[in-house]
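Take a look at the structure below. The text after it walks through how its parts are arranged.

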2 protein chains.
Amino acid sequence: MSETSRPPADESGAYDRVLAAAQEVFAERGFKAATVREICQAAGANIAAINYYFGGKEQLYIEAVKRAHVCAGRVDDLAIPPDAPAVEKLRAFVTAMVTKMHAPVSPSAMKLMMREMSDPGRAAHVVVNEFIQPAAFALLAILRELLPHLDEHRLLMTGFSVMGQCLFYRQNIRVAELIFGKEPVAALDAAAVAEHVVRFTLAALGHAPPVGAAGPQVEKR
Amino acid sequence: MSETSRPPADESGAYDRVLAAAQEVFAERGFKAATVREICQAAGANIAAINYYFGGKEQLYIEAVKRAHVCAGRVDDLAIPPDAPAVEKLRAFVTAMVTKMHAPVSPSAMKLMMREMSDPGRAAHVVVNEFIQPAAFALLAILRELLPHLDEHRLLMTGFSVMGQCLFYRQNIRVAELIFGKEPVAALDAAAVAEHVVRFTLAALGHAPPVGAAGPQVEKR
DNA sequence: AGTCGATTGAAACAAGCGTTTGTTTTGTGC
DNA sequence: GCACAAAACAAACGCTTGTTTCAATCGACT
């Protein structure tokens, strides 16, 4: 029973090699299409290692998702100064979110998490509790500061509008490439997207001039 | 070779029954996890029917996706009067989009298309060409009317902001339920969401008062 | 050196998969 | 009634899947 006490370190033990390879292969192919043989071959380990260390394919998948959410890091534990004005908090949040989506620290980890989110299975609650939920509540708190008098429903929908913009570029980048070609989509780097989403959102909330306007004048109210 | 000339009618022939069942099962389980046996059992047909009519599992999947995009209908061929002001065009577009996403005519058809979009395979180009691309270009044309002087990159990102909001409620409804519970999410019906997205977007574009504002005063500029 | 538990390795297992086969049934024109 | 092609069926095929088995190997401790 070394499975639970084993730290998720990237040492060269068979346990960690299999787990890292599983994250990669599961992210690329999905749970069903990925085979234990491919994972073990990528890890340079024997086929029996999966059942020996993890007890089966599905439990390996869950562990891989857990590892992925650790690799991806959290959104709310960085770049959001608690004493800054709400507008700056929102800017920091969106920038962190878009950057994390657009250029993640571990692409395969993010891919695996997004896969599990689009088709929630037995490992979804892990990603939600540790990764999505804190970010969602942090965003809603920021929006509540910006819009103190808005009712709960509209605040929730406003949060969805922000998250929808942040997520779009990752969830639909392939489709966008199919429509517009690779070049114009590749031209949208994380910084440009983050700046746009911030401005679009702040304008919608009345804390910045609209997108069509010329100069970047601050506040208005 | 009756596969190409066969119309996608919902008659009670074995061909149509298998195709309809395939749409359902593929939408629910995905390509790999769905089995030909389950499809044939749901269709009340023999296992050999798939290879007899379609030539294999993968070609049946492609045909099911094609059928799905027909069932789902297109976005640009309805509810967008060509002579209306741009603001009304955008309102019509978003309302049609959100409604189609939120309460589709055929839930399984929409589910299958969304599945193929999140993991583009051999049938993705069909959905893109016939369903997504026309909608995307229609939206960009409307936005161009609203923002005549915006450069191409920002216009594209603005389009993504609109699409991101429309798609969020379908792509992430399961996750949203996991976070906030089923009730507050279920309370957001298509009409409320569409109204919010329209107002959020128009406010961001400077064609409506911001979300936080009280009354629905029209125009400003 | 010797012993024992942990790990690795190759082979085999049963189950399930998509596909194929050969036959039977059905429908249709003569 | 007969002949023939399309359609439907049950059975089995070959293959891949996840899992199991069991012997070989390694590493530490006495």
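Predicted model: local features only at pLDDT ≥ 70, side-chain atom pairs only at ≥ 80, totals over all residues.

The contact surface is shared: 100% of the contact residues of chain B recur in chain A.

Now look at where the chains meet. Here 48 residues of chain B are in contact with 48 residues of chain A. Which helices of chain B each supply at least two residues of the side that touches chain A? They are helix H6 (107-118), helix H7 (124-146), helix H8 (152-171), helix H9 (173-180) and helix H11 (190-204). H8(B) gives the most to this side, with 14 residues. By class, the side of chain B that touches chain A has 31 nonpolar, 14 polar and three charged residues.

Next, turn to the DNA. How many residues surround DNA strand C? There are 16. The closest are A:Ala14 and A:Ala48 from chain A, and B:Thr35, B:Gly56 and B:Lys57 from chain B. The largest share, three residues, comes from H3(A). This surface near DNA strand C divides into nine nonpolar, five polar and two charged residues.

Finally, follow two helices inside chain A. Helix H6 (residues 107-118) and helix H7 (residues 124-146) of chain A have axes that come within 9 Å. These axes cross at roughly 115 degrees. Angles of 65 to 115 degrees count as roughly perpendicular, so H6(A) is roughly perpendicular to H7(A). The crossing of H6(A) past H7(A) is left-handed.

Which residues meet there? From H6(A) come A:Met113, A:Glu116 and A:Met117. From H7(A) come A:Ala124, A:Val127 and A:Phe131. The contact of H6(A) with H7(A) has five nonpolar residues, no polar ones and one charged.

Methods: Residues numbered from 1 in each chain as written. Chains lettered and ligands numbered in written order. Contact = placed C-beta atoms within 7 Å. Near = placed C-beta within 6 Å. Helix = DSSP H or I, 4+ residues; strand = E, 2+ residues; numbered from the N terminus. Nonpolar A, V, L, I, M, F, W, Y, C, P; charged D, E, K, R; others polar. Axes fitted to C-alpha atoms, helices over the stretch in contact; angles between N-to-C directions. Parallel < 35°, antiparallel > 145°, perpendicular 65-115°, else oblique. Left-handed = near helix turned anticlockwise from the far one by under 90°.
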